[in-house]
Amino acid sequence: MCCTASAQKTAAIKNLGESKYSIEMGDLSMVINGASGGKILSFKYKDQEVISQLTRPEQFGSTFWTSPQKEWNWPPVQEFDKRPYTVEEKGSSLVMTSEVSPRLGFRIRKEFTTDKKRNAFVVTYSIINESKETRKVAPWEITRVPNSGTIFFDAPVDEITPAGLLTFEQKYGAAWYNTDEANQNRKVNADGKGWLAYINDGLLLVKKFQDLKAGEPAPDEAEIQVYVNMRKTYIELESQGAYTTLNPGESLSWTVKWYLLPYQGEPSKKLVKMVKKLK
């Protein structure tokens, strides 16, 4: 059955030391590390964790990159993904700002706050063009979760690409993937409807973001992406915003709302309807 929302309480920001901060609201808590890429290290309902806690680089937490990836390839841009961010507490918000990437000319800003009415955590990402050139870029959130449970979103299964790489089933008005494992890394792209959800171990994680129109994602990218690392390790839940032209000094902002609720039950039309109603 689903779902009992956390009690509506005033959000509190706690300095945990070493540039780590906790934001707590009712039964929910989020921990962010300003010293290492402004990465979200933890997102919990009561004492239950939903984010991957593996320790190897690029296998834990939730991070943010610029898109398309072909502009930087691999590894992730250090100034955005691992270098220290400055940290400011602004009332009930926590704001973290990156260094400028000499390679790309962008600076990243992350604002963490809460929507007490809806029991949601709100993360607003900004990309600032600090270069002297007009650039195009899209925002990209990457959240790593354990390789177990079920992932679902609103998209036609026959339009998920590459076809057949992950076994999705079309039912109840959504595409569903029951996690599995293979001896290869796999990644799929989908044109969703502004939300992405994950069920595991009695928790339901829902992310809400801008629904992109055809042609709005960055080249060779997509609104929703699911990456499954080889073997039984971790999965990345990825979402992207619109590919945007930024003149020197201009910036874009893109917001993702995070919901975490207790959930006991099977996939159903009622569950999909409930997820769609979250605002």
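By the rule that a side-chain nitrogen of Lys or Arg lies within 4 Å of a carboxyl oxygen of Asp or Glu, the count comes to 15 salt bridges. The model is predicted, so that local features need pLDDT of at least 70 and side-chain atom pairs count only at pLDDT 80 or more, whereas totals for chains, interfaces and linings use all residues. Residues are numbered from 1 along each chain as its sequence is written, and side-chain values use heavy atoms, with hydrogens and water left out.

**Overall form**

The protein has 2 helices and 21 strands, where helices (H or I, at least four residues) and strands (E, at least two) are DSSP runs numbered from the N terminus. Its radius of gyration, taken over C-alpha atoms, is 18 Å, close to the 19 Å that the globule rule (2.2 Å times the number of residues to the power 0.38) gives for 279 residues, so the protein is as compact as a globular protein of that length. Along the principal axes, the C-alpha atoms fill a box of roughly 50 × 45 × 35 Å. Of the 279 residues, 53% count as buried; buried means under 20% relative accessible area, exposed over 50%, and partly exposed in between, with a 1.4 Å probe and protein chains only.

F112 is an example of a buried residue, at 1% relative accessibility, and is found in strand β9. The C-alpha atoms of F112 and I23 are separated by 8.4 Å, although the two residues are 89 residues apart along the chain.

**Salt bridges**

Side chains of opposite charge can pair when their charged atoms come close.

| R83 and E99 | 3.0 Å | 16 residues |

R83 and E99 meet through their side chains, and since R83 lies in the loop between α1 and β7 (86-90) while E99 lies in the loop between β8 (93-97) and β9 (106-115), the pair ties together parts that are 16 residues apart in sequence. R83 is partly exposed at 39% relative accessibility, and E99 is partly exposed at 30%.

Elsewhere, E58, D81 and K82 are linked in a network of salt bridges.

**A negative patch**

D158, E159, D191 and D211 form a negative surface patch, a term that covers residues with over 30% relative accessible area and no salt bridge, like charges being joined within 9 Å. One of these residues, D211, lies in the loop between β17 (203-208) and β18 (224-228), and counts as partly exposed because its relative accessibility is 37%.

Definitions and conventions. Patches are made of residues with over 30% relative accessible area and no salt bridge: like charges are joined within 9 Å, nonpolar side chains (Val, Leu, Ile, Met, Phe, Trp, Tyr) within 5 Å. Accessible areas come from the Shrake-Rupley method with a 1.4 Å probe; for residues, only the protein chains shown count as cover. Lys and Arg count as positive and Asp and Glu as negative; His and the chain ends are not counted. The place of a charge is taken as NZ of Lys, CZ of Arg, CG of Asp or CD of Glu.
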